[in-house]
Amino acid sequence: GIFENAAEGIFQSTCGGRFLSCNPAAATILGYATPEDLIESVVDIERQLYVRPERRRELCGLLRQGRSVKNFEVEFYRKDGTRQWVLLNIRPVLNEQGEILYVDGIIQDIAERKRAEMALQALNEELEQRVEVRTGELEQANHELRQLTSGLESALTELKSAQSRILQQEKMASIGQLAAGVAHEINNPMGFIISNLNSLRKYTEKIATFMDLQAGAVEVLLTRSGGKDITDNLEKQKNVLKLDFIMEDLGQLIKESLEGAERVKTIVQNLKSFSRLDESEFKIAEINEGIENTINMVWNEIKYKAVLKKEYGNIPQIYCNLGQLNQVFMNLLVNAAQSIETQGEFGVKTSSDDENVSITISDTGSGIPAENLSRIFEPFFTTKEVGQGTGLGLSIAYDIVKKHYGEFHVQSEVGKGTTFTINLPIAGRPRASA
Ligand SMILES: Nc1ncnc2c1ncn2[C@@H]1O[C@H](COP(=O)(O)OP(=O)(O)O)[C@@H](O)[C@H]1O
Ligand SMILES: [Mg+2]
């Protein structure tokens with residue numbers, strides 16, 4: 001009949017896990033020779049047939065609610081232990097209490113379909129994997145590109161900063177050259193002006209002495225012959241010409257001119273030692289002298305703003321390029337002056353120990369916020385308005401101190417002020433490599 005010849009497997013089984021009956025197709029699907037073979041061999045459906053036993057518990061759970069289960073896909077073990085995907089359609093047969101007596105089921109072989117599905121899934125997975133790999137590759141390439149770009153960018157900024165530093169150094173060098181030239185030009189005439197003024201002072205003194213003598217003589221002569229009119233006239237002319245005043249003022253004028261000329265001479269000397277064109281290399285030099293020179297150079301710009309407290313220690317001479325160190329001192333002093341809004345105090349202090357000479361330049365100015373502290377030595381970092389600051393002063397100073405194997409330290413508190421300390425090895429280079 002239909003039961004015997006059906007292509008689908010048909011069966012009845014119990015919740016306990018035994019087959020009550022089945023058709024040959026059902027036995028064939030599960031790899032048993034005959035229905036009887038299947039019914040006798042399988043005494044525990046869950047353990048013997050189910051690859052994943054929890055699937056049966058899931059199935060029974062559904063059936064116990066009294067519902068039919070349609071198209072339940074599950075993998076079974078065949079008699080020979082190989083696996084077999086099947087499709088189950090099951091209807092529970094209940095008693096009056098609603099308990100399951102047994103189930104009617106249809107079992108179909110879906111191995112082919114399952115294989116196709118799995119192949120498709122594998123293909124999908126492989127595709128996904130390939131997309132993933134490719135995406136990864138692209139991301140990596142992208143990352144490398146970005147790194148390359150940022151490398152290029154930083155190379156460019158470095159190049160730019162190097163370029164501007166060179167420009168600045170050249171500018172400083174040419175200013176130094178100019179200053180030295182100007183100093184030389186001024187020095188010569190200054191020499192003869194001072195020497196002439198000195199001679200003039202002596203001459204006027206002598207003329208004055210002689211004039212006094214002459215006046216006395218004239219008086220004696222005239223009183224004898226009674227030439228009172230002539231004396232009166234001379235006296236009158238002397239008053240009209242304000243000769244007394246002139247003789248007095250003459251000395252004063254010469255004295256003032258001499259002082260002015262001396263001052264110009266000092267400025268020229270400062271300028272010369274500041275630019276130090278003649279001695280632009282490393283040599284043994286006096287740091288205190290360099291600082292004093294630099295202060296004289298910038299004094300006009302800072303004297304209105306601050307009281308300067310100098311404390312020069314008795315420090316040894318060191319092997320250095322004083323012209324460059326002067327530039328460091330100048331940059332620090334100008335920064336200190338700019339940090340003071342109206343009135344404040346500067347401190348310049350030098351000291352030494354066995355290894356280092358220390359130079360401290362402090363101010364009671366605005367201070368530097370913590371977030372800027374790490375950046376102030378960067379080229380172009382400035383908080384000043386255009387025209388006020390280039391942001392190069394400290395980066396140049398840093399380079400110069402580094403060239404001297406020295407160290408830079410900053411301490412700053414917003415609203416209180418800033419202290420820069422420079423330590424320079426006395427040996428001209430650090431002990432370790434000496
Ligand atoms: N003594 C100081 N007090 C407060 N801020 C300072 C002081 N020295 C340096 N700075 C800060 O460091 C920055 C960088 O200084 P610098 O390199 O000399 O460049 P610039 O003076 O041209 O701005 C300044 O713009 C300022 O913000
Ligand atoms: Mg500056």
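Helices and strands here are DSSP runs, numbered from the N terminus. The model is predicted. Work through each exercise with the structure in view.

**Exercise 1. A loop residue**

Task: Find where D354 is located, and decide whether D354 is buried or exposed.

Solution. 
- Step 1. D354 sits in the loop between β9 and β10, and β10 covers 356-363.
- Step 2. Recall the cut-off. Exposed means over 50% relative accessible area.
- Step 3. Apply it. D354 has a relative accessible area of 70%, so D354 is exposed.
- Step 4. Look across the model. D354 and E137 are 217 residues apart in sequence, and their C-alpha atoms are 60 Å apart in space.

**Exercise 2. A strand residue**

Task: Locate T350, classify it as buried or exposed, and name its side-chain partner.

Solution. 
- Step 1. T350 belongs to strand β9, residues 344-352.
- Step 2. Buried means under 20% relative accessible area.
- Step 3. The value for T350 is 3%, so T350 is buried.
- Step 4. Its partner is N288. The two side chains make a polar contact at 2.9 Å.

**Exercise 3. The shell around ligand 1**

Task: Describe the residues that surround ligand 1, and work out which helix gives the most to the shell.

Solution. 
- Step 1. Count the shell. It has 20 residues, and the closest are T382, T383, K384, T390 and G391.
- Step 2. Sort by class. There are seven nonpolar, eleven polar and two charged residues.
- Step 3. Find the contributing elements. α10 (322-339), α12 (393-403) and β12 (417-425) each supply at least two residues. With three residues, α10 gives the most.
- Step 4. Check individual atoms. A polar side-chain atom of T382 is 2.5 Å from an oxygen atom of the ligand. D363 places a polar side-chain atom 2.8 Å from a ligand nitrogen. G393 uses a polar backbone atom, 3.4 Å from an oxygen of ligand 1.
- Step 5. Consider cover. Ligand 1 taken alone exposes 530 Å², and the protein buries 94% of that.

**Exercise 4. Salt bridges**

Task: How many salt bridges does a search of the whole structure find? Then examine the pairs E73 with K114, R130 with E126, and E292 with K310.

Solution. 
- Step 1. The search finds 18 salt bridges.
- Step 2. Take E73 and K114. Their closest N and O atoms are 2.6 Å apart. E73 lies in strand β3 (residues 69-77) and K114 in helix α6, so the pair ties together parts 41 residues apart in sequence.
- Step 3. Compare their cover. E73 is partly exposed at 23% relative accessibility. K114 is buried at 10%.
- Step 4. Take R130 and E126. Here the closest N and O atoms are 3.3 Å apart. Both residues are in helix α6, four residues apart, so about one helical turn separates them. R130 is exposed at 55%, while E126 is partly exposed at 40%.
- Step 5. Take E292 and K310. The N to O distance is 3.0 Å. E292 is in helix α9 (residues 287-302) and K310 in strand β7 (residues 306-311), so this pair ties together parts 18 residues apart in sequence. E292 is partly exposed at 25%, and K310 is partly exposed at 41%.
- Step 6. Look for a network. Salt bridges with shared partners join E73, R113, K114 and E117.

**Exercise 5. A nonpolar surface patch**

Task: Which residues form a nonpolar patch on the surface, and where is L120 found?

Solution. 
- Step 1. The patch consists of L120, L123, L127 and V131.
- Step 2. Together they have about 380 Å² of accessible area.
- Step 3. L120 is in helix α6, residues 111-225.
- Step 4. L120 has a relative accessible area of 54%, so L120 is exposed.

Terms used:
Residues are numbered from 1 along each chain as its sequence is written. Chains are lettered from A and ligands numbered from 1 in the order in which they are written. This is a predicted model: local features need pLDDT of at least 70, side-chain atom pairs count only at pLDDT 80 or more; totals for chains, interfaces and linings use all residues. Side-chain values use heavy atoms; hydrogens and water are left out. A residue is near a molecule or strand if one of its heavy atoms lies within 4 Å of it. A polar contact is a pair of N or O atoms within 3.5 Å; within protein, one must be able to donate a hydrogen and the other to accept it, and residues adjacent in sequence count only if both atoms are side-chain atoms. Accessible areas come from the Shrake-Rupley method with a 1.4 Å probe; for residues, only the protein chains shown count as cover. Ala, Val, Leu, Ile, Met, Phe, Trp, Tyr, Cys and Pro count as nonpolar, Asp, Glu, Lys and Arg as charged, and the others, Gly among them, as polar. Patches are made of residues with over 30% relative accessible area and no salt bridge: like charges are joined within 9 Å, nonpolar side chains (Val, Leu, Ile, Met, Phe, Trp, Tyr) within 5 Å. A salt bridge is a side-chain nitrogen of Lys or Arg within 4 Å of a carboxyl oxygen of Asp or Glu. Buried means under 20% relative accessible area, exposed over 50%, partly exposed in between (1.4 Å probe, protein chains only).
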